[in-house]
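Trainee: I would like to go through the terms used for this model and check each one against its cut-off.
Mentor: Go ahead, one term at a time.

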Amino acid sequence: MMLRLRSIHIHPIKSLGGFAVPQARLTDRGLEHDRRWMLVDANDRFVSQRERPMLACLCTSPGANGFRVRDVRTGDHLDLPWSLADGPTLSCRVWDDTVRTIAAPDAWNAWFRGRTGTYVRLVYMPDDSHRPTDPTYADAITSLSDGFPYLIASMASLDELNRRLHASGTAPVPMDRFRPNLVVEGGTPFQEDAWGTLMIGDVLFRAVKPCSRCVITTTDQRTGERGPEPLRTLATFRRQGHRILFGVNAVAGTLGTITAGDAVVPQA
């Protein structure tokens, strides 16, 4: 069966809800507008759903000149621009990386503190701030993602996971639990394990490593509620050492534009 790009997903703010787009432009560090903003704590370290699952309740949607953040619990919203040109410079931590960012205005910070009930600051990664990927896997740069500019997931793999969940009497999970950028449909479960390079439309991607999954996959991306699945079931057949794998991290070998429905042609 021919593989196709089922959907494209952008998350403007790291660890907040994202949205699907019919087409996206590739930049030097990932999809345009993807994970260029993030929240940081009082130590200027990134904040994520790992420790604050309620961030899933802050969803985003695109607008003409920026995007809207909405608290699904109350309906309160904040409109933000795609980028930020001016403001205090702040050195922030994403895992072991130090990233130069621009701090957002106090009024925006106050809105997020009101939603999270704790001290946070919103920061933006400008174009001239470069964060390298792990050179063990790729010579590239990335945005404020966990480590690589693209996460690609397969619907066939999700279908197999949900088949196993159903067999154990557990409700299926949607793909948004895994927060991918690109979702491929067609083919066989966990075909991505064998991918080397793949063409999506006219763009060449290189799969660099399997994606190790964490507790965020157990967080309902609509309510912020957390349970044991699907991580518990994944661990029964997708464990490799101390890692539980789903999806593949990737870099782009060329720039261009991709569109939902594009043909996907993998090569080993």
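Trainee: How many salt bridges does a search of the whole structure find?
Mentor: The search finds 18 salt bridges. The model is predicted, so local features need pLDDT of at least 70 and side-chain atom pairs count only at pLDDT 80 or more, while totals for chains, interfaces and linings use all residues. Residues are numbered from 1 along each chain as its sequence is written, and side-chain values use heavy atoms, with hydrogens and water left out.

Trainee: What makes the pair Glu32 and Arg25 a salt bridge?
Mentor: The term requires a side-chain nitrogen of Lys or Arg within 4 Å of a carboxyl oxygen of Asp or Glu. For Glu32 and Arg25 the N to O value is 3.2 Å, so the pair meets the definition.

Trainee: Why is Glu32 called partly exposed?
Mentor: Buried means under 20% relative accessible area, exposed means over 50%, and partly exposed is in between, with a 1.4 Å probe and protein chains only. Glu32 has 27% relative accessibility, so Glu32 counts as partly exposed. Arg25, at 41%, counts as partly exposed too.

Trainee: What makes Arg115 and Asp71 a link between parts of the chain?
Mentor: Their side chains meet in a salt bridge at 3.6 Å, N to O. Arg115 lies in helix H1 and Asp71 in strand E7, so the pair ties together parts that are 44 residues apart in sequence. Helices (H or I, at least four residues) and strands (E, at least two) are DSSP runs, numbered from the N terminus. Both Arg115 and Asp71 are buried.

Trainee: Which other salt bridge involves Arg115?
Mentor: Arg115 also meets Asp76, at 3.5 Å, N to O. Asp76 sits in the loop between E7 and E8, so this pair ties together parts that are 39 residues apart in sequence. Asp76, at 34% relative accessibility, counts as partly exposed. Salt bridges that share partners join Asp71, Arg73, Asp76 and Arg115 into one network.

Trainee: How do you know that E7 and E8 pair?
Mentor: Two strands pair if DSSP finds at least two bridges between them. Strand E7 (residues 66-71) and E8 have five bridges, in the antiparallel sense, so they qualify as a pair. Phe67 stands opposite Leu80 in E8.

Trainee: Why are E6 and E8 called edge strands?
Mentor: The open sheet has the order E6-E7-E8, with antiparallel pairing. Strand E6 (58-62) and strand E8 (77-81) each pair on one side only.
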